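Here are a few notes to read alongside the model. Please have the coordinates open as you go through the points.

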Amino acid sequence: IEGVALSNLDCETTYHYRAFATNVYGTVYGDDETFTSSTCPTPAIVETGSPNDVAPDYAEVEAEVIDQGNSELTEVGVEYGLDTNYDSTVSSSGAVLGANIVVLDELYCETTYHYTAFVTNAYGTTYGEDETLTTGICEPDPPTDVIAEIGSASSINISWAAPDFTG
């Protein structure tokens, strides 16, 4: 028995074939048979959600996986940055269909960030729309090393180390 490998077939397409044999007495054909090629590969679909919680130095955003395609999800996450070049990425291999909460941390206060959700399956990575968020107001650290000394019956001297207000 010999076989032949077929390649470059269209997906989800029914093909007809028949076997034949040839010898000195002629050619004999087998019955018409059919097969259907495999399902077309489809990527997952993700939507970039609004931020759930925004603070001066972090934000929680949602990567909503709408459809996992016809392959298991392998990664979900968010790319983010000061513009749409997205210079940072947070991801997880625990992608699920539906809401995936992603925490962006070590952000600068009072800063606008662009972000986009992404999801990956065996057929590639797809991205949601670009969204923006602005982190909360910068809050100074409280004074440290506060010292209060009685100067006289009617005065007091108070000293402290200046707080770090670098944001």
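Which element gives the largest share of the nonpolar patch?

1. Strand E14 does, with three residues. Strands here are DSSP runs (E, at least two residues), numbered from the N terminus. The model is predicted: local features need pLDDT of at least 70 and side-chain atom pairs 80 or more, while totals for chains, interfaces and linings use all residues. Numbering starts from 1 along each chain as its sequence is written, and side-chain values use heavy atoms, without hydrogens and water.

2. The patch covers about 580 Å² and is made by Val146, Ile150, Ile156, Ile158 and Trp160. Its members have over 30% relative accessible area and no salt bridge, with nonpolar side chains joined within 5 Å; areas are Shrake-Rupley with a 1.4 Å probe, and a salt bridge is a Lys or Arg side-chain nitrogen within 4 Å of an Asp or Glu carboxyl oxygen. Strands E13 (144-152) and E14 (155-161) each give two or more residues.

3. Glu2, Gly3, Val4, Ala5, Leu6, Tyr17 and Phe35 line the largest pocket (an open set on a 1 Å grid where a 1.4 Å probe fits, with protein on both sides within 12 Å along at least five of seven lines; lining atoms within 4 Å of a point). Its volume is about 170 Å³, the space filled by probe spheres set on the points.

4. Five aromatic pairs are counted (ring centres within 6.5 Å; stacked under 30 degrees, edge-to-face over 60, the rest tilted). The Tyr17 and Phe35 rings have centres 6.0 Å apart and planes at 55°, so this pair is tilted.

Note on methods
Patches are made of residues with over 30% relative accessible area and no salt bridge: like charges are joined within 9 Å, nonpolar side chains (Val, Leu, Ile, Met, Phe, Trp, Tyr) within 5 Å. Helices (H or I, at least four residues) and strands (E, at least two) are DSSP runs, numbered from the N terminus.
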